[in-house]
Amino acid sequence: FGAGYLLYQQFVAAPPATGGSGDTSKMGCLESKPAAAEEGPGKLKKAKTSSDAPATSNTTAPAEKKEEPPKKKLDWRDFRFSNKKGETLIKKPGEINGQMFVVEDCEDCDIYICDFNAQVQLDYNKNCRIFIGPSEASIFIRNCDDCKCILACQQYRARECTNCDTLLFSSTAPVVETSKNMRFGCFRFAYFDLGKQFESAKLSVFNNKWSEIYDFTPADGNWSFLPLETKGSDLMKPLYDQPSFNMEEERGLKETDIVPFTVGLRKKEFEGQERCFILILPKKETEGLQMLTSICEKGCNIIQTKEMKLDANKGKQMMDRGDSSLVGTITKGLIVGVEVAGSNALEVAQGVAKDAGGQSVAYVSDSEGAASYEINLFFDQWKDFVGHGITK
């Protein structure tokens, strides 16, 4: 935790950059005089063009370089909520724009950081409801008590916290340390700009390891899962209920429209249910997300998703029990694998895929045997080793 915090303090403590106190207009080559033209008997005066040919009336003067307007200086106070009590605090899209942010010493506040950011620190907050938009690096939560959070980040780390409920997106395995009664569920929240903010933070919504908790100080009672049905609105008010962010377009969004709702390591609760494997084809992510929403609405559950690139060899392995004509297509770009569970998972997934455009959008297993092979290959044999993930 210390390194990230020191980096932030160094950033905010640094004086604003200036052009320097001295006059630089007479420094170096800018002050050097051009060599005198050689004139006299047998000498020709050098022309002021790019060649020795005399200038003509058709010669065009070089375009003047337009000066860019000076960048607005950042004020560190715009990137911090500190010592607030009983307030609603909102940062709207575009107000942080990839900078670091700190929330500290707040009590009984509703806090919405609705923009992508570099890193966020949550320190010494009590009884707060906190939403943090996509963080390109880490969200550190330290010494916080009785908070309800909805967070999206590349890395989540909690230390010395108690009684905090979190709906989480984390592209690496979340880490807890010396904390008690920390409860976790899958990220559930949406607003109009959220999808673009995930892209700006370089996070794939399909690579969510929210359930793969790594506890540095393992003991009973340190952490557990929230009930599966826990929604974002159970933890904090939707944005459209906030007067300062009351946009009609937000009301039409579902909490799972941006980030798929996955079961993760709770998949043991669904043992015995039929499984199906879906492969969303390159550049069909939008249609794929709509498919997953429809599948859940029809009573099935998304166990896990993963986005990756297949080489030719992996493409052939993937389609060993499927449609070999798709090998060329699935190796052209990033694809998304999906494990679905339900009493009639195959029938539901095949029907939804057909309505979405069939194999121009996604490949779906045609049997339980094929699904078992494809799920094992994609999620177990082709494991990624980012973070401390427990993928068994």
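A: The account below starts with the core itself, then turns to the strands and helices, and ends with the aromatic rings.

This is a predicted model, in which local features need pLDDT of at least 70 and side-chain atom pairs count only at pLDDT 80 or more, while totals for chains, interfaces and linings use all residues. Residues are numbered from 1 along each chain as its sequence is written, and side-chain values use heavy atoms, with hydrogens and water left out.

A nonpolar core here is a set of buried Ala, Val, Leu, Ile, Met, Phe, Trp, Tyr and Cys residues joined through side-chain atoms within 4.5 Å; buried means under 20% relative accessible area, exposed over 50%, and partly exposed in between, with a 1.4 Å probe and protein chains only. The largest such core holds 46 residues, and the members that touch the most others are Phe 131, Phe 187, Phe 198, Ile 278, Ile 295 and Val 340. At least two residues each are supplied by β7 (148-159), β8 (162-170), α2 (194-200), β13 (274-280), α5 (285-297), β15 (334-342), α8 (345-356) and β16 (362-364), where helices (H or I, at least four residues) and strands (E, at least two) are DSSP runs numbered from the N terminus. The largest share, 6 residues, comes from α8.

Ile 295 is placed in helix α5 and is buried, with a relative accessible area of 0%. Leaving aside neighbours within four places in sequence, Ile 295 is in contact with Ile 278, Cys 300, Ile 302, Val 340, Val 348, Ala 349 and Val 352. Ile 295 also lies 9.9 Å from Ala 341, C-alpha to C-alpha, although the two are 46 residues apart in sequence. Val 340, with residues up to four places away in sequence not counted, touches Glu 274, Arg 275, Cys 276, Ile 278, Ile 295, Cys 300, Asn 301, Ile 302 and Ala 345.

Behind these contacts is an open sheet of 4 strands in the order β14-β15-β13-β16, with antiparallel pairing; two strands pair if DSSP finds at least two bridges between them. Because β14 (301-309) and β16 stand at the edges with a single partner strand each, one side of each is left without a neighbour in the sheet. Neighbouring strands of the sheet are turned by 20° against each other on average, direction ignored; axes are lines fitted to C-alpha atoms, for helices over the stretch in contact, and angles run from 0 to 180 degrees between N-to-C directions. Strands β13 and β15 run antiparallel and are joined by 7 bridges, and Cys 276 has Val 340 as its bridge partner in β15. Across this sheet lie two helices: α5 lies across β13, β14, β15 and β16, running at about 165° to β14, whereas α8 lies across β13, β15 and β16, running at about 25° to β13.

Strand β8, another contributor to the core, is mostly covered, with 7 of its 9 residues buried. Its pairing is parallel with β7, over 6 bridges, and also parallel with strand β10 (residues 180-186), again over 6 bridges.

Rings of Phe, Tyr and Trp (its six-membered ring) pair if their centres lie within 6.5 Å, and planes under 30 degrees apart count as stacked, over 60 as edge-to-face and the rest as tilted. A search of the whole structure finds 15 aromatic pairs. One of them is the stacked pair of Phe 131 and Phe 189, at 4.3 Å centre to centre and 25° between the planes. This pair links strand β6 (residues 129-142), which holds Phe 131, to the loop between β10 and α2, which holds Phe 189, 58 residues apart. Both Phe 131 and Phe 189 are buried. The rings of Phe 277 and Phe 379 have centres 6.3 Å apart and planes at 75°, so this pair is edge-to-face. Since Phe 277 lies in strand β13 and Phe 379 in helix α9 (residues 368-381), the pair ties together parts that are 102 residues apart in sequence. Phe 277 and Phe 379 are both buried. Finally, one aromatic cluster is formed by Phe 131, Phe 169, Phe 187, Phe 189, Tyr 191 and Phe 198.

Technical notes: Contact means heavy atoms within 4.5 Å.
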